[in-house]
Amino acid sequence: MHFHGCARISSDIAKLYRPAGLNYNNESSMNRYPIWKYLLILTVVALGFLYAAPNLYKPDPAVQISGQSTTMEIDQQLLARAEKALDEAGIEHFGGEVGEKAVLLRLGSVEDQLPAKRVIQESLGHSDYVVALNLASTTPEWLADLGASPMKLGLDLAGGVHFLMEVDTATIVRTNMEGYVQDVKAKLRAADARYRSVSLEDDREIVARFRSEELRDKAMSTMRKEFPELQLTEAGSGDNLEVRATLSEQEIKQLEDYAVTQNLTTLRNRVNELGVAEPIVQRQGRNRIVVELPGVQDTAEAKRIIGKTANLEYRMEARPDTLVTNKEYFEYRNEQQRQAYGGAWLERKVIIKGDRVTNARVGYDESGLPQVNITLDARGGELMHRATWKNVGRRMGTLFIESRFEPETVVDDQGNETVVQKRTDVKKIISLATVQSALGRQFRITGLDSAAEAQELALLLRAGALAAPMYFVEERVIGPSLGADNIQVGVKSVQIGLIGVLIFMLIFYRVFGLAANIALAVNLVLLVAVMSILGATLTLPGIAGIVLTVGMAVDANVLIFSRIREELRNGMPPQTAISAGFDNAYSTIVDANITTLIVAVILYAIGSGPVQGFAVTLSIGILTSMFSAIMGTRALINLFYGGRRVQKLWI
Amino acid sequence: MSETTVKEGKITEYMGKRVFEFMRWRKLAAALSIVAVVASIAALAINGLKFGLDFTGGTQVEVGYEVAPQIEDVRGQLVDAGYEGATVVRFGSDNELLIKLPPEVTEKQTQASARSEEATQSIGDKVVGLLRQGTDGDVDLRRVEMVGPQIGEELRDDGGLGMLFALVVVMGYVALRFQYKFSVGAVAALIHDVIIVLGFFALLKLDFDLTVLAAVLAVIGYSLNDTIVVADRIRENFRKVRKADSEEIINISLSQTLGRTLMTSLTTLLVLFALQFFGGELIHNFSLALVVGVLVGTYSSIYVSANILMALGITKEDMMPPVKEGAELEEMP
């Protein structure tokens, strides 16, 4: 230990190292912060505590009930029904609340969640409501009103599944080109440009062949006019003249974008069927989609629902004289329509399924009334045309099919019980409209009451279709027990690391160490607060980042303190040494932290999941530590030593 | 009394603090570093990095048994069911197993699930279903990770690129803030550290996964931190200390920062050991990479970057702030 007393004092050294603007004779007036600085620090720290506080409140296990469609009433009555079901099953519950979109019921324990979900779902019926497991925040209202909320836990801490799916964009390009082949044929016929053949090559190039220059020129001008988005080139010779047409790179990119966005929408709808609280469905990169379902354990069920294809059917309305064996009765999906009309008889024969729908968008007709424009793929267009050209004036219905999976116990020959997921399809009418003319690839549904209705219809129509097939390229499942273990080990290593560092600093730097320790604790609080405010997700690597921050955050203080010791040894009086120590270490600290920050940002940019979690806590930790270690420690030291005559520093 | 104490032509004390002759051993240190780097490269060339699931693709299933199973039995069970090349290891306790399936098996699964609806059953569920038949107690699925081979390749490329990018940006920053000789020293130290950590993983055939990559990048950050603190002091001393040559100035600077270097390494190692011993299996290799990296990084900030400064012949002139041309003229009468 080096104390002031051991340092050799010599006046010429002191002069040599006198920092500009400091007056040695006036030691007692040094190291004082203006009052506003203290207030600023106090405010920041207080805010930090405030926004970090929600993390102390452990959330209650809960179930959440929401409507299958937006028209379902979420009210006190629904809550009462759910509470009654729970009471009858003897499941403890409390604090039921009716929200805007869902009813939330808190439960006594995590084990009660699954049984509670089952009894509520049974009593409310499967067709109208979705019951999901959730965690209800117990953050006091006054905190929540300030916008404070706890950190989100990543899948590795909360348990759940993570899927990465790749959209097969090559297929969407091919299907689209196939559609063009049909359209090109039709337009060429109409323009009397007789072709030998029109075909698709390599899935992305349309080749039309002609016998004469004259026919080809005619075809060229027709195609140029009708399909301006196609890039045309001439090829071939003699009596085999070709027009080759491709989509531009930009058009293809648009198609891919559309396919991915469409699949994203479809996936969101399907994930909603699963009844998961706070699912994540996000696009990643050019053609991938991430699906994260916290709390879901049954991946098989999740994959079935996410991976299934058609769930729309177009059928003609049955004639009054159709035999009962050839027709089926369906209800309307929309509650108001159901009350008004009940349902309708449709033919058993399915014209097309949802996988043929490539797009459905809300549009407005000439008089400004809402309509839904539907586009089918080539094959779908043919089938639709065949089914409707003789049936103008009849009505065509669109069925929306929702699949539910319920566990069912099956007993086999040997008497063994196995639980299987039984699938039931619920089919309901979402649209029943009169066919005005023969329909093709593109048609529209008009006569809708409102833009909102059109919006919902378009959404449902699209929900059936995956624009392009998808497959799973990554799958991660974390069991709830492992998640709980991970939290435990994470917290434990933070605690042990922290205690170790605290003791270390105290032994080596005494009073200054104490100041650094307080700053370190404040740093942790600020780190948690910033993460909570940003809504960042805490993961296990994120906890590792926090632990590392604890170790590295003291570096700034170590730099400052060793500098102060050095200055003391050089013969500076205590107050001057403190001041010089802080000033001289400043630029080093900034340089060192900026470079680490650069690395953390790069980590975030290139990394996926686990790496990003680490990068986020590391970067936030660096920033908060600059504040707490430089300003915070200085404030404490100033408070303790500043503005008075000091003989000896406890450093 | 002067600022330095000189004995037998060497500066032994500066400003009342002992000066260690770090640079006296610089040739030895250089040899040591070269040997370590060459050995690491050799280990990388011979053993190769044992890339983890994130980079190779494949499937990992972590299961908890009620009754501790025999590893060989479980393996046999899996191979019989068509999961060729499955490896089974204990994970944490006797009752917990980690099953790894090679990328080919995984790919077969993904291909199948793209086509038929039946095959959408998760590979993890299939494995657990299979294992339940071979034990008296229950089997609990704790974790499944399935990574398609293509994703693995992309992650590997991204990781490599990220590391190079980090090095280039850092070199640029240091060149800007200090001087190019420092940036050469700093980057050489970083490459030195990264290669040795990678070599360590290759030598012991430890799994190199995404978290370890994150650790290696964190090592870059840490080692840089150290190097910059030292560089900062060397720059300061070149401007301040008179009557000392480059070697002496570097020795003085290293001696002055030694306390801080050791202190920070110790606190960091302290928390890393906490992670290593209490952080669980998942971040075991992560903390190990950091421990090795911090040790090597501490050494390299003393002996690699400073050594390169010496080799590049750093002088006082390099460190002087550029003088404005007009400034000199103004002082003339």
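Predicted model: local features only at pLDDT ≥ 70, side-chain atom pairs only at ≥ 80, totals over all residues.
Reader: Why are α6(B) and α7(B) described by a direction, and which one is it?

Author: The axes of the two helices cross at roughly 155°. Angles over 145 degrees count as roughly antiparallel. Therefore α6(B) is, relative to α7(B), roughly antiparallel.

Reader: Is the crossing of α6(B) and α7(B) left-handed or right-handed?

Author: The crossing concerns the way α6(B) passes α7(B). Its hand is right-handed.

Reader: How many charged residues are in the contact of α6(B) with α7(B)?

Author: From α6(B), the residues that meet α7(B) are B:M163, B:L167, B:V170, B:M171, B:V174 and B:A175. On the α7(B) side they meet B:Y180, B:F182, B:S183, B:A186, B:V187, B:L190 and B:V194. By class, this contact has twelve nonpolar residues and one polar residue, and the number of charged residues is none.

Reader: Which element of chain B supplies the largest share of the side that touches chain A?

Author: In the contact between the chains, 68 residues of chain B meet 67 residues of chain A. Elements of chain B that each supply at least two residues to this side include α4, α5, β8, α6 and α8. The largest share is 14 residues, and the element supplying it is α9(B).

Reader: How many residues on the side of chain B that touches chain A are charged?

Author: Sorted by class, that side has 35 nonpolar residues and 21 polar ones. The charged residues number twelve.

Reader: Which residue of β8(B) stands opposite A:I478?

Author: Strand β22 of chain A, residues 470–478, pairs with β8(B) in the antiparallel sense over five bridges. The residue of β8(B) opposite A:I478 is B:R143.

Reader: What distance separates the centres of domain 1 and domain 2 of chain B?

Author: Domain 1 of chain B consists of 17–51 + 151–319, and domain 2 of 58–147. Taken over C-alpha atoms, their centres are separated by 41 Å.

Reader: Which residue in the hairpin of β1(B) and β2(B) takes a positive phi?

Author: Strands β1 (residues 4–7) and β2 (residues 10–14) of chain B pair in the antiparallel sense over four bridges. B:T5 has B:E13 as its bridge partner in β2(B). The hairpin has two residues between the strands, and the one with a positive phi near 50° is B:E8.

Reader: Which residue in the turn between β2(B) and β3(B) has a positive phi?

Author: β2(B) and strand β3 of chain B, residues 17–18, pair in the antiparallel sense over two bridges. Here B:E13 stands opposite B:R18. The hairpin has two residues between its strands, and the turn residue with a positive phi of about 55° is B:M15.

Reader: Why can a direction be given to α14(A) and α15(A), and which one is it?

Author: Helices α14 (residues 480–534) and α15 (residues 540–569) of chain A have axes 8 Å apart and pack at an angle of about 5°. Angles under 35 degrees count as roughly parallel. So the direction of α14(A) relative to α15(A) is roughly parallel.

Technical notes
Residues numbered from 1 in each chain as written. Chains lettered and ligands numbered in written order. Axes fitted to C-alpha atoms, helices over the stretch in contact; angles between N-to-C directions. Parallel < 35°, antiparallel > 145°, perpendicular 65-115°, else oblique. Left-handed = near helix turned anticlockwise from the far one by under 90°. Contact = placed C-beta atoms within 7 Å. Nonpolar A, V, L, I, M, F, W, Y, C, P; charged D, E, K, R; others polar. Pairing = 2+ DSSP bridges. Domains from an automatic or database assignment.
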